[in-house]
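Have the chain open alongside as you read.

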Amino acid sequence: MHKRVMDTEAPAEGLTVAVEQMVHYVRHSAVTGDLGTAASSAIARLGREGPYRLTELARAEGVSQPGMTQLVTRMERAGLVRRVADRRDGRGVLVEATDSGLEVFRQRRAERAEALHLLIEKLTEPERQAVRIALPALARAIQDRS
């Protein structure tokens with residue numbers, strides 16, 4: 001028998017479980033490009049934020065530089081990213097999403113948005129309104145910490 005998510009003694013624990021379930025559901029609803037979690041995260045970062053030095057991308061994604069090098073090489077072979085010279089520092093190399101990579105990023109984002117939309121549609125109107133207020137507020141709190 002499953003407990004309801006918020007039926008725990010510790011509200012923060014219930015919220016944590018709810019967020020984990022929602023992120024898992026939404027993340028796994030994106031299937032375009034058949035990407036693993038690391039590749040999906042990296043292409044999303046490059047799509048949102050633009051080119052990165054490989055070392056900075058590894059740091060931002062929380063992986064080792066050799067691990068990111070391997071990932072970028074695989075993504076490069078798949079046509080999702082390319083390495084280009086850094087115009088600000090001729091010795092440096094940037095990793096950027098290709099047009100195909102950007103299209104995969106956009107499609108995956110649309111798939112996740114649709115999955116979240118379908119979840120929200122199952123809520124009552126007061127619950128929908130609470131989500132519309134709470135999620136952007138949490139996103140702002142995360143940005144303020146950065």
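Covering the buried residues of α2 are, among others, β1 (52–53), α3 (54–61), α4 (65–77), β2 (81–85), β3 (93–97) and α5 (99–121). Helices here are DSSP runs of H or I with at least four residues, strands are runs of E with at least two, and both are numbered from the N terminus. Contact means heavy atoms within 4.5 Å.

A word on the source: this is a predicted model, where local features need pLDDT of at least 70 and side-chain atom pairs count only at pLDDT 80 or more, while totals for chains, interfaces and linings use all residues. Residues are numbered from 1 along each chain as its sequence is written, and side-chain values use heavy atoms, with hydrogens and water left out.

Which residues of α2 are buried? They are A39, S40, A42, I43, A44, R45 and L46, where buried means under 20% relative accessible area, exposed over 50% and partly exposed in between (1.4 Å probe, protein chains only).

Just after α2, G50 has a positive phi of about 90 degrees.

| Pair | Axes come within | Crossing angle |
|---|---|---|
| α2 and α3 | 11 Å | roughly 115 degrees |
| α1 (residues 11–28) and α5 | 8 Å | roughly 130 degrees |

Axes are lines fitted to C-alpha atoms, for helices over the stretch in contact, and angles run from 0 to 180 degrees between N-to-C directions.

α2 and α3 cross in a right-handed way. S41, A42, R45 and L46 of α2 meet L57, A60 and E61 of α3. That contact has four nonpolar, one polar and two charged residues. Ala, Val, Leu, Ile, Met, Phe, Trp, Tyr, Cys and Pro count as nonpolar, Asp, Glu, Lys and Arg as charged, and the others, Gly among them, as polar.

α1 also passes α5 in a right-handed crossing. On the α1 side sit M22, Y25, V26 and R27, and on the α5 side R112, A115, L116 and L119. By class, this contact has six nonpolar, no polar and two charged residues.

## G92 in its loop

G92 lies in the loop between β2 and β3. Its relative accessibility is 4%, so G92 counts as buried. Leaving out residues up to four places away in sequence, G92 touches R53, V84, A85 and D86.

Notes
Left-handed = near helix turned anticlockwise from the far one by under 90°.
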